[in-house]
Amino acid sequence: MSTALRTLYTGKVHVAGGREGAARSVDGRLDIKLSTPGGPGPGTNPEQLLAAGWSACFEGAIAIAAKQMKLTLPEAPSIDAEIDLNLDDDGYALAARLNVALPGVPRDMAQALVEAAHRTCPYSKALAGNIDIVINLV
C-alpha cells in the first residue's frame, strides 16, 4: 500500500514576456531576464534553466542513492547538462544529455548510482518517456 502524496515544496514563479521577458519567484530569490536561445539578449533561457534544475536535482538523487548503498563518495559529483531545443515537421521538441562525473568511484558502482538516481530524481521521472534522454557516465 502506498502512502498519500505529500507536497514538500511548491516553487512559485511569475513570468511575463515569454522568452524575451523576465522570471521572478514570489520570494524574490530568483529574479532573471529571459532571452531566446542563441540570441543577443542578456538573459538566460528555459533550456538552460531546465539543465540547471535537473542536474542539481540529479546530483541530490545520487547523494541519496549513495547513502542508501552505504557508500561515501570520495569527491563531489559533477554534472554537465545539455538540453537541445529541436524542430521538426511536428514542431518543437526537447532532448537531453546528462554527463555525470563521479571521481574516485569504481565504474560499476558509479553506474549503479546513476541508474538509481535516474529512477528516483523527480525531474528524470517527469521527463522519462517524454523527451529523448541520454545519461553518460564520464
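**Exercise 1.** Is Leu-87 buried or exposed?

*Solution.* The model used here is predicted.
Step 1: Locate the residue. Leu-87 belongs to strand β4, which covers residues 78-88.
Step 2: Take its relative accessible area, which is 58%.
Step 3: Compare with the cut-off. A residue is exposed if this value is over 50%, so Leu-87 is exposed.
Step 4: Look at its surroundings. Together with Leu-85 and Tyr-92, Leu-87 makes a nonpolar surface patch of about 360 Å².

**Exercise 2.** Describe the open sheet formed by β1, β2 and β3.

*Solution.* 
Step 1: Find the order and sense. Three strands make up this sheet in the order β1-β2-β3, with antiparallel pairing.
Step 2: Identify the edges. β1 (13-16) and β3 (31-33) are the edge strands, since each pairs on one side only.
Step 3: From one strand to the next it averages 10 degrees.
Step 4: Examine one pair. Four bridges link β1 with strand β2 (residues 22-25) in the antiparallel sense. Val-15 is placed opposite Ala-23 in β2.

**Exercise 3.** Which elements each supply at least two residues of the largest nonpolar core?

*Solution.* 
Step 1: Define the set. The largest nonpolar core holds 24 residues. Trp-54, Phe-58, Val-100 and Leu-102 have the most contacts inside it.
Step 2: Assign the elements. α1 (46-68), β4, β5 (91-101) and α2 (107-120) each contribute at least two residues.
Step 3: Find the largest share. It comes from α1, with eight residues.
Step 4: Recall the general rule. In soluble globular proteins, nonpolar side chains tend to be buried together.

**Exercise 4.** How many salt bridges does a search of the whole structure find? Examine three of these pairs.

*Solution.* 
Step 1: State the total. The search finds four salt bridges.
Step 2: Take Glu-47 and Arg-19, whose side chains meet at 2.6 Å, N to O. Glu-47 is in helix α1 and Arg-19 is in the loop between β1 and β2, so this pair ties together parts 28 residues apart in sequence. Glu-47 is buried at 8% relative accessible area, whereas Arg-19 is partly exposed at 30%.
Step 3: Take Asp-31 and Arg-24, whose closest N and O atoms are 3.1 Å apart. Asp-31 is exposed at 52%, and Arg-24 is partly exposed at 42%.
Step 4: Take Arg-97 and Asp-84, which meet at 2.7 Å, N to O. Arg-97 lies in strand β5 and Asp-84 in strand β4, so the pair ties together parts 13 residues apart in sequence.

Note on methods:
Residues are numbered from 1 along each chain as its sequence is written. This is a predicted model: local features need pLDDT of at least 70, side-chain atom pairs count only at pLDDT 80 or more; totals for chains, interfaces and linings use all residues. Side-chain values use heavy atoms; hydrogens and water are left out. Patches are made of residues with over 30% relative accessible area and no salt bridge: like charges are joined within 9 Å, nonpolar side chains (Val, Leu, Ile, Met, Phe, Trp, Tyr) within 5 Å. Accessible areas come from the Shrake-Rupley method with a 1.4 Å probe; for residues, only the protein chains shown count as cover. Buried means under 20% relative accessible area, exposed over 50%, partly exposed in between (1.4 Å probe, protein chains only). Two strands pair if DSSP finds at least two bridges between them. Axes are lines fitted to C-alpha atoms, for helices over the stretch in contact, and angles run from 0 to 180 degrees between N-to-C directions. A nonpolar core is a set of buried Ala, Val, Leu, Ile, Met, Phe, Trp, Tyr and Cys residues joined through side-chain atoms within 4.5 Å.
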